[in-house]
Amino acid sequence: MEFVANGKVILFLLFVSTSVLIVSPASPPRFHYINPHNFTTPASSSSSASASAVHRSRNNNNPSLSLVHRDAISGATYPSRRHQVVGLVARDNARVEHLEKRLVASTSPYLPEDLVSEVVPGVDDGSGEYFVRVGVGSPPTDQYLVVDSGSDVIWVQCRPCEQCYAQTDPLFDPAASSSFSGVSCGSAICRTLSGTGCGGGGDAGKCDYSVTYGDGSYTKGELALETLTLGGTAVQGVAIGCGHRNSGLFVGAAGLLGLGWGAMSLVGQLGGAAGGVFSYCLASRGAGGAGSLVLGRTEAVPVGAVWVPLVRNNQASSFYYVGLTGIGVGGERLPLQDSLFQLTEDGAGGVVMDTGTAVTRLPREAYAALRGAFDGAMGALPRSPAVSLLDTCYDLSGYASVRVPTVSFYFDQGAVLTLPARNLLVEVGGAVFCLAFAPSSSGISILGNIQQEGIQITVDSANGYVGFGPNTC
């Protein structure tokens with residue numbers, strides 16, 4: 001299928017119902033047909049596409065990292081707990097409150113050209129839902145870090161630990177790393193990061209950092225330069241926080257890998273080496289495999305992606321906003337005003353893409369229209385009581401096949417993304433499935449990771465675009 005936009009012909013690929021659909025505005029599909037008993041099993045085309053992409057990267061001698069969901073890992077002090085939706089919703093509420101408070105208020109010669117990493121779903125009590133495996137220090141100590149597209153600071157829990165939460169791996173010991181180097185108060189790096197101070201000794205003293213999140217979580221410690229090993233490739237001189245006092249909802253992970261639009265994020269610190277580009281594919285819940293994280297223009301920019309402009313919010317420069325113009329259900333665009341999703345001149349509203357939020361949030365008017373149209377198209381399927389903020393639930397026990405209406409996002413410049421069926425409903429137990437959308441308490445919209453799962457997403461911050469597809473995972 002072809003779609004002509006601004007004189008350019010864009011090819012749109014249609015996959016089976018559980019895979020990503022990128023279609024033209026002329027003919028969005030109306031329904032998915034699913035089997036509730038294997039709803040989270042990935043389509044064969046999805047799995048093969050992901051596997052071949054990783055294989056090609058390795059053949060090109062590029063490092064590869066695995067991105068996994070938090071519910072897929074465990075450790076000696078941290079048991080894995082899968083499918084605990086109530087816990088997910090509680091974490092999600094804390095995350096969204098943090099984002100709303102922030103949004104309403106408010107180069108090393110040793111770097112490699114391309115960095116590839118697998119992304120893993122995280123575990124049960126962290127505020128981030130997806131983890132990546134990173135080697136910290138020299139020799140490298142492997143650690144699970146939360147992947148966060150809405151944060152800039154990179155940090156890990158460190159020895160000696162005055163206050164630390166339980167994590168899967170042993171704590172990082174900077175004294176055992178030959179590449180650990182504390183940052184001085186008078187350095188440009190210390191001045192770049194807000195929330196820093198001097199640990200004594202004037203400008204020559206160590207640079208202390210403090211980051212507090214809206215849910216009450218925090219990390220405090222020393223800012224340092226350290227070597228990070230990503231997929232076997234050592235990146236020297238990365239500014240990270242070495243946290244000696246840490247508390248909050250990051251349980252399981254050793255810290256956080258910031259991929260935001262700011263100078264202190266990993267993408268910002270890589271600078272020209274990464275070309276301002278990273279790509280990720282979040283493995284679907286229950287898929288049993290890992291997704292991927294790729295940094296660097298050579299490997300991260302796929303052929304065949306559909307590109308949507310990024311929107312810069314000078315009041316919240318770390319976040320990636322997209323120009324969403326509307327939503328469709330069952331192939332029909334909802335009668336919503338475009339202004340519901342617009343970013344205002346004073347930085348209010350808009351649509352943020354966030355890997356740390358699970359359930360997509362929409363302005364109340366938009367959510368009410370989506371819920372009404374979706375429920376109407378579900379017909380006489382038996383309803384089930386709400387589960388916390390998930391208020392549109394269905395009991396699908398006893399059904400071998402169910403017809404589910406499609407949900408589509410309409411973007412600036414005419415692109416339309418029709419979500420896979422598994423990105424619409426989340427299983428809460430006992431064959432009960434709930435619509436994975438919720439109303440926002442403010443005018444901000446957040447595209448959560450459930451809606452992003454299984455889709456290759458490329459962020460080209462240097463040129464101001466985000467790409468969808470063509471690969472799936």
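Is aspartate 338 buried, partly exposed or exposed? I shall return to that residue among the salt bridges.

Good morning, colleagues. The model before you is a predicted one, in which local features need pLDDT of at least 70 and side-chain atom pairs count only at pLDDT 80 or more, while totals for chains, interfaces and linings use all residues. Residues are numbered from 1 along each chain as its sequence is written, and side-chain values use heavy atoms, with hydrogens and water left out.

Buried here means under 20% relative accessible area, exposed means over 50%, and partly exposed lies in between, using a 1.4 Å probe and protein chains only.

With a relative accessible area of 0%, threonine 360 is buried. Its side chain makes a polar contact with the side chain of glutamine 451 at 2.6 Å. A polar contact is a pair of N or O atoms within 3.5 Å; within protein, one must be able to donate a hydrogen and the other to accept it, and residues adjacent in sequence count only if both atoms are side-chain atoms.

I turn now to the disulfides. In general terms, a disulfide is a covalent bond between the sulfur atoms of two cysteines. Taking cysteine sulfur atoms within 2.5 Å as the rule, the count comes to 5 disulfides.

One joins cysteine 190 to cysteine 207, with an S to S distance of 2.1 Å. The torsion about the S-S bond of this pair is about 85 degrees, so the disulfide is right-handed. Because cysteine 190 lies in helix H3 (residues 188-192) and cysteine 207 in strand S13 (residues 207-212), the pair ties together parts that are 17 residues apart in sequence. Both cysteine 190 and cysteine 207 are buried.

Another links cysteine 281 and cysteine 473, whose sulfur atoms are 2.3 Å apart. Here the torsion is about -100 degrees, so the disulfide is left-handed. Cysteine 281 lies in strand S18 (residues 277-281) and cysteine 473 in the segment after strand S36 (465-472), so parts that are 192 residues apart in sequence are tied together.

A further disulfide joins cysteine 393 to cysteine 434, at 2.0 Å from S to S. This link is right-handed, with 105 degrees about the S-S bond. Cysteine 393 belongs to strand S27 (residues 393-395) and cysteine 434 to strand S32 (residues 432-435), 41 residues apart.

Those two strands bring us to a sheet. Strands S26, S27, S32 and S31 form, in that order, an open sheet of 4 strands with antiparallel pairing. Its edge strands are S26 (383-384) and S31 (425-429), each of which pairs on one side only. S27 and S32 pair in the antiparallel sense over 3 bridges, where pairing requires that DSSP finds at least two bridges between two strands.

Finally, the salt bridges. The structure holds 5 of them, each being a side-chain nitrogen of Lys or Arg within 4 Å of a carboxyl oxygen of Asp or Glu. Arginine 133 and aspartate 169 meet in one, at 2.6 Å from N to O. Arginine 133 is partly exposed, with a relative accessible area of 27%, whereas aspartate 169 counts as buried at 11%. Aspartate 391 forms another with arginine 371, the closest N and O atoms being 2.9 Å apart. That pair links the loop between S26 and S27, which holds aspartate 391, to helix H6 (residues 364-377), which holds arginine 371.

This returns us to the opening question. Aspartate 338 forms a salt bridge with arginine 333, with the closest N and O atoms 3.9 Å apart. Aspartate 338 counts as partly exposed, because its relative accessibility is 38%. Arginine 333, at 42% relative accessibility, is likewise partly exposed.
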